[in-house]
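Here are my notebook entries from an afternoon of looking things up. Have the model open beside you and follow along.

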Amino acid sequence: MGFLGVLGSRGRRGVAVGVGVAVLMGGAAYTGWALTPTPGAVPVAGPTGDTVLPTAEVPPSADAERVLPAAPAPNGLPEIDYDPAPAGFPDDPDALDAAPLTRGLHPTRRIAAYDAPGGQPLAFLMPTISEVELTVPIARRESGWTAVLLPSANRKLAWLPPGGFRTVALRDQIVVERTPFRLTWYRDGTAQRSWRISLGQRGQETPLGRTFVLGRTPPPESVYGGVDIYALGSIPDDLDSVPAGLRGAHIGIHTWYHDGELGQQTTNGCIRLTASGQRLLLEKLRPGTPVVVIDELPAPPATA
């Protein structure tokens, strides 16, 4: 059984600021909270007039027959796990693109992750992170290689050579808008529901960019409203800005014991919504679901 840690939010008045939540592994303030399997998504029909986001086209190779060779990867390279990913991986050039990513990648064995097609191997991407099956959204393809959103990092890609993985369809997407404090769930590019949310307090702002759902966990304390929590692939932009008890934790999506702070910056970087909204997302979304945090969409979704 695996474990993760996600950032908490400000507690009740008089309670210490910074509640740690363990979701997949140790390193946060609490450990030992078992990750639970996510139920399969159930198709739903979007209401008439919902905003439809254009599907992100994964750029194909310019020369489909020429596959750049992969340099041998030393056995001593680090494995990408729940700690911050190794340095050297390239920036995601489309980090703020809200178009859905519709394919995910699951490693079936240890795969060397490179800084570019035919480039330098930097780490190994594993089938699991702390025994939790890993699915990462596919962002680009080039020269026979596949770029995926890097776990445990913000706005970074990892390039993978052919082989050693299978792909899956990703129907859902979460778009978080920081300026209007809004989270919208999309399915097949169509907005399904929107909710008002709370986001990271000043100095611990919710990180911008594309990320994804790593997994879920039961809530460790009553302040989380008795509703499971999603851990994301993203981490705080400033690792030293969060309370000491939350060092090593990831950004999460969760609810709270009251809704009085929705529309405010009150969390340690996490995304907080209503209990009913969180329950619906837990019912519908699978691990690997893309999440993008932006300032604001050009036009609000019809569900807003």
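Is Asp 94 buried, exposed or partly exposed? I looked this up before anything else. Asp 94 counts as partly exposed because its relative accessibility is 26%; buried means under 20% relative accessible area, exposed over 50% and partly exposed in between, with a 1.4 Å probe and protein chains only.

**Entry 1: ground rules.** I am working with a predicted model, where local features need pLDDT of at least 70, side-chain atom pairs count only at pLDDT 80 or more, and totals for chains, interfaces and linings use all residues. Residues are numbered from 1 along each chain as its sequence is written, and side-chain values use heavy atoms, with hydrogens and water left out.

**Entry 2: salt bridges.** I counted 12 salt bridges, taking a side-chain nitrogen of Lys or Arg within 4 Å of a carboxyl oxygen of Asp or Glu as the rule. Asp 94 is in one of them, with Arg 140 as its partner and 3.3 Å between the closest N and O atoms. Asp 94 sits in the loop between β2 and β3 and Arg 140 in strand β8, so this bridge ties together parts 46 residues apart in sequence. For the element names I rely on DSSP runs numbered from the N terminus: helices are H or I of at least four residues, strands E of at least two. Arg 140 is partly exposed, with a relative accessible area of 23%.

I then checked Lys 156 and Asp 91, whose side chains meet in a salt bridge at 2.5 Å, N to O. Lys 156 is in the loop between β9 and β10, while Asp 91 is in the loop between β2 (21-24) and β3 (103-107), 65 residues apart. Lys 156 is partly exposed at 27% relative accessibility, whereas Asp 91 is exposed at 54%.

Glu 133 is partly exposed at 43%, and Arg 166 is partly exposed at 38%.

**Entry 3: aromatic rings.** How many aromatic pairs does the structure hold? I found three, where rings of Phe, Tyr and Trp (its six-membered ring) pair if their centres lie within 6.5 Å, and planes under 30 degrees apart count as stacked, over 60 as edge-to-face and the rest as tilted. Tyr 224 and Trp 256 are edge-to-face, because their centres are 5.3 Å apart and their planes at 90°. Both Tyr 224 and Trp 256 are buried. Trp 256 also pairs with Tyr 257, with centres 5.8 Å apart and planes at 50°, so I noted that pair as tilted. Tyr 257 is partly exposed at 31% relative accessibility. Tyr 224, Trp 256 and Tyr 257 make up one aromatic cluster.

**Entry 4: the cores.** I looked for nonpolar cores, meaning sets of buried Ala, Val, Leu, Ile, Met, Phe, Trp, Tyr and Cys residues joined through side-chain atoms within 4.5 Å. The largest has 40 residues, and those with the most contacts inside it include Ile 80, Phe 89 and Leu 160. Among the elements giving two or more residues to this core are β4 (111-114), β9 (145-149) and β10 (157-160). A second, separate core has 27 residues, including Leu 7 and Val 291.
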